[in-house]
2 protein chains.
Amino acid sequence: MRIGELAQATGTTPRVLRHYEDEGLITSRRAPNGYRIYDEGVVVRVRNIRHLLAAGLTLADVRAFVPCLDGDVVAAPPSGRGIQVALDRLAVLEERIAVQIEARDRLAAALRQVVEGKIRSVA
Amino acid sequence: MRIGELAQATGTTPRVLRHYEDEGLITSRRAPNGYRIYDEGVVVRVRNIRHLLAAGLTLADVRAFVPCLDGDVVAAPPSGRGIQVALDRLAVLEERIAVQIEARDRLAAALRQVVEGKIRSVA
DNA sequence: CTTGACCTTGTCATTGGCGTCATGGTCTGA
DNA sequence: TCAGACCATGACGCCAATGACAAGGTCAAG
C-alpha cells in the first residue's frame, strides 16, 4: 500500500508516517518511481505506536518498543528495557499530574477567596 | 534598584524581568547610563506574576491582571475580565489534567497486563 | 589603566509532534 | 494532452518561558 492508504487505514496523515520513518519507527520499500510501499503489517505497527503515544509516551520512548511493535503490544511483551522506559514515563506522568493538580488547586483557592470577597463586599 | 537586585529579590533572573517588560507586565525608569531602575513596589508586582504563573496561567493570561498586580492578588480582586480569564484557564487546567490522568491510567493498565503476563508465564 | 562585575540589545536554542507551505516529479482518466 | 490527485524532499511555524550566547557600554576598586 502507499502512504496515503496507510494514513487512512491508521487514522493518521502522510506527514505523520514520514515522521515516524525519519524517527526509525517504521520502514518502507520504494517503488521504482520513488513512492513508499508498505506491507500490510505496518498497519498494526502504526496503531501500536499510536497507542503508546496516546498512553503518554514520547516518540523517543516508543523507540524502546521497536522490537515488539509488530505484535499486539499487550500480548507480545516488550523487553525489560521497554518496561523500564514505560515505568520511567509513568513516573514522569505522575509527577506532571501532581504539579498540574497543585496549580489548579492554587488557582481555584485564589479564585474562591476573590469571589467570596466580592460577595461579602456586595452583601 | 537595578535589574540584578530585583532578580535576586524575586528569585528570578534579569532575563526573565526583561521578558516581562517586553510583554508589558512591568515597567522601569532608566538611569542616565541606560540601566533599568525599578521602584520597590515592583518586587510585589513580580511576585504576583510568579504566583499567577505558578497557578498555571500563561503570560498572556497574566496581562488581564495587570491593573491589580501591585496589590495582594487575593486582597485586591481583579476585574471581571480577570476573573473570567482565570476561570477559563481553570477549565483548561482541568481538561489537561483529565487527559493526563487518562493517559496515565492507560499506561498503567497496559503495564499491569504485561507484567502479570510475564509473571504467569514464569510461574 | 585594567580587571571584572554589572548592564545593554538582539538573536538563536530548547521540548514535541506534528501542520503547512514550497517546489517539483508521477501517474491516470477523459 | 491536460487537469488533478497522488507522491517526494526540505524547511519553517507553533506554544511558552526562559537559557545561553554575542558584542558591546559602564563603572568602581586596586
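1. Around DNA strand C lie 16 residues, the closest being A:N33, A:T58, A:L59, B:G4 and B:R36; a residue is near a strand if its C-beta atom, placed from the backbone, lies within 6 Å of it. This is a predicted model, in which local features need pLDDT of at least 70 and side-chain atom pairs count only at pLDDT 80 or more, while totals for chains, interfaces and linings use all residues. Residues are numbered from 1 along each chain as its sequence is written, with chains lettered from A and ligands numbered from 1 in the order in which they are written.

2. At least two residues of the surface near DNA strand C come from each of α2 (14-22) of chain A, α1 (3-10) of chain B and α2 (14-22) of chain B. The largest share, three residues, is that of α2(A). Helices are DSSP runs (H or I, at least four residues), numbered from the N terminus.

3. The largest nonpolar core has 22 residues, of which A:L6, A:I26, A:I49, A:L52 and A:V62 touch the most other members. Such a core is a set of buried Ala, Val, Leu, Ile, Met, Phe, Trp, Tyr and Cys residues joined through C-beta atoms within 7 Å; buried means 20 or more other C-beta atoms within 10 Å of the residue's own. Its largest share, four residues, comes from α3(A).

4. In the pairing of the chains, 28 residues of chain A are in contact (C-beta atoms, placed from the backbone, within 7 Å) with 28 residues of chain B. On the chain A side, α5(A) supplies the largest share, 21 residues.

Conventions: Buried ≥ 20, exposed ≤ 12 C-beta atoms within 10 Å, placed from the backbone. Contact = placed C-beta atoms within 7 Å.
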